[in-house]
Amino acid sequence: MSISTLIAENQPETFSFTSESEAEIKQQIAKYPAGRQASAVKSLLYIAQKQNDNWIPMRAVEAVAERLEMPVMRVLEVASFYSMFNLKPVGKWYLQVCGTTPCMLRGADDISRCIKDKLKIASGETSACGKFSLLEVECLGACVNAPILQVNDDFYEDMDYQATARLLDELAVDNKPEFGSVIGRQGSESEDGATTLKAVKKTASRSK
Amino acid sequence: MPKLTVDGIEVEVEDGATVLQACEEAGAEIPRFCFHERLSIAGNCRMCLVDMERAPKPIASCAMPAGDGMVIDTKSERVKKAREGVMEFLLVNHPLDCPICDQGGECDLQDQAMGYGHDASRYSENKRAVSEKHMGPLIKTVMTRCIHCTRCVRFSTEVAGTPNLGAIGRGENVEITTYLEQNLASELSANVIDLCPVGALTSRPYAFVARPWELNKVESIDVMDAMGSNIRIDARGSQVMRVLPRLNEDINEEWISDKTRYAIDGLRRQRLDTPYLRGKDGRLRPVSWDRAFAAIATKMKKTKSAELAAIAGDQIDAEAMFALKSLFDKLGSSNIDCRQDGAKLTAKLRASYLFNTTIAGIDEADAILIVGSNPRIEAAVMNARIRRNFLNNRTPIALIGPEADLTYPVTHLGADISVLKQLVSGKHKFAKILKKAKRPMIILGMGALRRADGQSILGIAREIADKTDMVTDSWNGFNVLHTAAARVAGLDMGFVPGKGGKDVAGILKAAAKGEMKLVWLLGADEIDTSAFANSFVIYQGHHGDAGAAAADVILPGAAYTEKDGLYVNFEGRVQMGRRATFPPGEAKEDWAIIRAVSEHLNKTLPFDSAAALRDELITAVPSFAVLDEVLPSKWAKFGRIGKLSDEPVTSSLSQFHMTCAISRSSETMAACHQSIQAASSSLAAE
């Protein structure tokens, strides 16, 4: 994985933050004491990524470095460390499948298999249509409703092969279904319904 | 001062010391890869594990501060097993290519695998492979060998101040690289080769050239700048194969600049290996020593002493200069000068031309004013010390001269020298900082002193020093930063015009008018030789550079690696350079050539050996008697208070890599120079 395979081959010539990004940057930098603005590096990289179709070109890395008065290499180190940052363009729907133990035990392999069957892509690849990219990641932190498939910023929980297939079909026609548990779990109760605290009167359920 | 027990031995270490240092104090050897005394602590190789009483598991001794009452065991069975385990993990992804690795024979991993590792590998999977990285013309990378100690990253960030090395990726995929594989843009870059504990970063010019055990190692002194860096010259047969730094805490610590390390391939090119004589047809032809001497003798005997001149170059040893000075004294000529660049320094008062603070003294300075100098180019290793002082103390540093990136922030006071007047009057903001500082420093570069008003600048700088109490009993903050290794020795012995004598500018002017009949250039290549069209020019030196091209007689001398010689660095520290190889062909040591000429002139100099010459030199100039030390020098009034010209101040060197006859002949230095120009032109194109 040399730098040439890590970053996009076609890099844009320029990059500049939009006015919305600028406002957010101001807010993020303000969180840290004066002179410690480098602490905002991850926030700024994320802002740059959001602004630029979910990936970070090198010009954006340089822009972040300049804004935070950091050596550009330090910013690249951070950007290349986290799987959250994409240094190459990704499809409109960026799929992240959790493969860590709880999800794996609950059938994460089925999600991966479905994606492979339908889109013919493996982790780190983008589909031929250009719409989908896949990355197998470590724990997404939602083990209670495992297995998880993350699409862009949203979690689809309790996935299985069929649910994944349905989701991909919807996404293929640019229709993003409601996120959350596909079997209708509200909190993190047992799949067969709540088994304890049954005497407690139900007051309000979390709106979806 | 914590007291601890290591392997039953009680030791007391300084506050802030680590357990590893305490173990060393107690005589226990601790293997390590990532730890380095001069870099920050990373604690990521885990090779330095030791047992600590009441600790549930072995601790990384490099990252653990020594505490009072600690009981450390470095020889327990568990430590042995832990080291074996760490070593086994390191070797999982390290190729066993020692036979084709340039680090072989001087590799930390190789040595420590022998000392602390298993005898055989249990690992039978495929090893990870990493693609090579481009880091410029000096550093060759074999990144599969990298064990991610990050010494190189920490060096370039902390010491060199050019943070473009880093580790990208995560976990098993970590790779060390420069940003988008740009060159490692530092004058100290090649020190990462010494720091690399494995063969991941090796020397590109030295790749597959020699093995360490084939080399003759000679401890010597560098002449590429005026610092007098301590070096080790490794030679095989008649060739210098490489130059490495030698530890000297007071000068270069354990770093050397890239020019010091890599200009040596210039020693193999453009060499003068036989005497030459210009014939009637204007062409230089090889001749015997006797004919060359005879030609010189005939010419010299016909020339009046006032029409003789000698100019000494920037890399000449003190012995040769002293021999030439003695000869010219005997001939009755006082047209001698060692200040090729026309620096307006006089030889009267030592403190007026020395770096009085000393290099080690920089660590204590609390305000620094730099005038007409770019220390990053002129003394790169010293510049790292100024940077360290800034990092430790946030020292205010101001610069008068062309703007430059010195690897630390400076307040730029413009390039107009008249700022000095405001500084003297105390009105300037920085004058107040200097006044308030306890140990202020001023560094005067040749960019300021070589100007026509150099004496006035010297005088006004001295006045600033006096007014801001820079000179006390325990501190002298007045410094002149020389760029020529031979300059201080020349000034010490008075290789400057005597009564009625002409300096370099005067010699050139007289020669242009046809009044200087004979000029002896002792390794002097940095002057405008076109003025010598009507003079008889004797060039004595080792390279066919500017001086040799203008010569009527060429006397082939020895380069700094080919002779024993005394050099005085800009602090006034006398050091002895040692011979590593013999001069090529018929070339001879410089003092011996001058001695031979003196005999042909019937003015035989009174020494037959280098030792006798040195005795003579010490008698004439006692400061040469004390080696490796800086003698205190007396402070008095010097310089002139005169008019300052309104020309902007320049820096004396415009670039780093090609500044002398040796480095101009070096292919490696040329490649470095080109790569910097290519980088800056591609930046300009953007």
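How many helices and strands does chain B have? Chain B has 21 helices and 26 strands. Keep in mind as you read that this is a predicted model.

## Chain B as a whole

Let's start with the overall dimensions. Along its principal axes, the C-alpha atoms of chain B fill a box of roughly 90 × 60 × 55 Å. The radius of gyration of chain B is 27 Å, close to the 26 Å that the globule rule gives for 686 residues, so chain B is as compact as a globular protein of that length.

Now look inside. Of the 686 residues in chain B, 53% are buried. If you take the contacts in chain B with a separation of 6 or more, 69% of them involve residues 24 or more positions apart.

## A five-stranded sheet in chain B

In chain B you can find an open sheet of five strands with the order β2-β1-β5-β3-β4 and mixed pairing. Its edge strands are β2 (9-12) and β4 (59-60) of chain B, and each of these pairs on one side only. Strand β1 (residues 3-6) of chain B runs antiparallel to β2(B), and four bridges join the two. To see one pair of facing residues, find Lys3(B), which stands opposite Glu12(B) in β2(B).

Where is Ala22(B) placed? Ala22(B) sits in helix α1 (residues 19-25) of chain B. Ala22(B) has 28 other C-beta atoms within 10 Å; a residue counts as buried at 20 or more, so Ala22(B) is buried.

Which residues does Ala22(B) contact, leaving aside its neighbours within four places in sequence? They are Leu4(B), Val6(B), Val11(B), Val13(B), Ala17(B) and Ala66(B).

## A hairpin in chain B

Further along chain B, strand β25 (residues 565-568) and strand β26 (residues 574-577) pair in the antiparallel sense over four bridges. Together β25(B) and β26(B) form a hairpin, with five residues between them. In the turn, Gly572(B) has a positive phi of about 90°.

Which way do the residues of β25(B) point? Gly565(B) and Tyr567(B) point one way, while Leu566(B) and Val568(B) point the other way, and all are buried.

## Chain A and its sheet

Turn now to chain A, where there are eight helices and five strands. Reading along the sequence of chain A gives the pattern α-α-α-α-α-β-α-α-β-β-β-α-β. The C-alpha atoms of chain A fill a box of roughly 60 × 40 × 30 Å along the principal axes, and 29% of the 208 residues of chain A count as buried.

Five strands of chain A form an open sheet with mixed pairing, in the order β2-β1-β3-β4-β5. The edge strands here are β2 (132-137) and β5 (180-181) of chain A, each pairing on one side only. Strands β3 (residues 149-151) and β4 (residues 154-157) of chain A pair in the antiparallel sense over three bridges, and Gln150(A) stands opposite Phe155(A) in β4(A). Helix α7 (residues 108-119) of chain A lies across β1 (93-98), β2 and β3 of chain A, running at about 145° to β1(A).

## Two helices that cross in chain A

Helix α3 (residues 41-51) of chain A packs against α5(A) at an angle of about 70°, with the axes 10 Å apart. That angle makes α3(A) roughly perpendicular to α5(A). Val41(A), Lys42(A) and Leu45(A) of α3(A) meet Val75(A), Val78(A) and Ala79(A) of α5(A) in this contact. The residues of the contact divide into five nonpolar, no polar and one charged.

## Where the chains meet

Finally, how many residues of each chain take part in the contact between A and B? In chain A there are 13, in contact with 15 residues of chain B. On the chain A side, the elements that give two or more residues are α1 (3-6) and α5 (72-81) of chain A. The largest share, seven residues, comes from α5(A). By type, the residues on the chain A side divide into nine nonpolar, two polar and two charged.

Technical notes
Residues are numbered from 1 along each chain as its sequence is written. Chains are lettered from A and ligands numbered from 1 in the order in which they are written. This is a predicted model: local features need pLDDT of at least 70, side-chain atom pairs count only at pLDDT 80 or more; totals for chains, interfaces and linings use all residues. Two residues are in contact if their C-beta atoms, placed from the backbone, lie within 7 Å. Ala, Val, Leu, Ile, Met, Phe, Trp, Tyr, Cys and Pro count as nonpolar, Asp, Glu, Lys and Arg as charged, and the others, Gly among them, as polar. A residue is buried if 20 or more other C-beta atoms lie within 10 Å of its own, exposed if 12 or fewer, and partly exposed in between; C-beta atoms are placed from the backbone. Two strands pair if DSSP finds at least two bridges between them. Axes are lines fitted to C-alpha atoms, for helices over the stretch in contact, and angles run from 0 to 180 degrees between N-to-C directions. Angles under 35 degrees count as roughly parallel, over 145 as roughly antiparallel, 65 to 115 as roughly perpendicular and the rest as oblique. The radius of gyration is taken over C-alpha atoms; the globule rule is 2.2 Å times the number of residues to the power 0.38.
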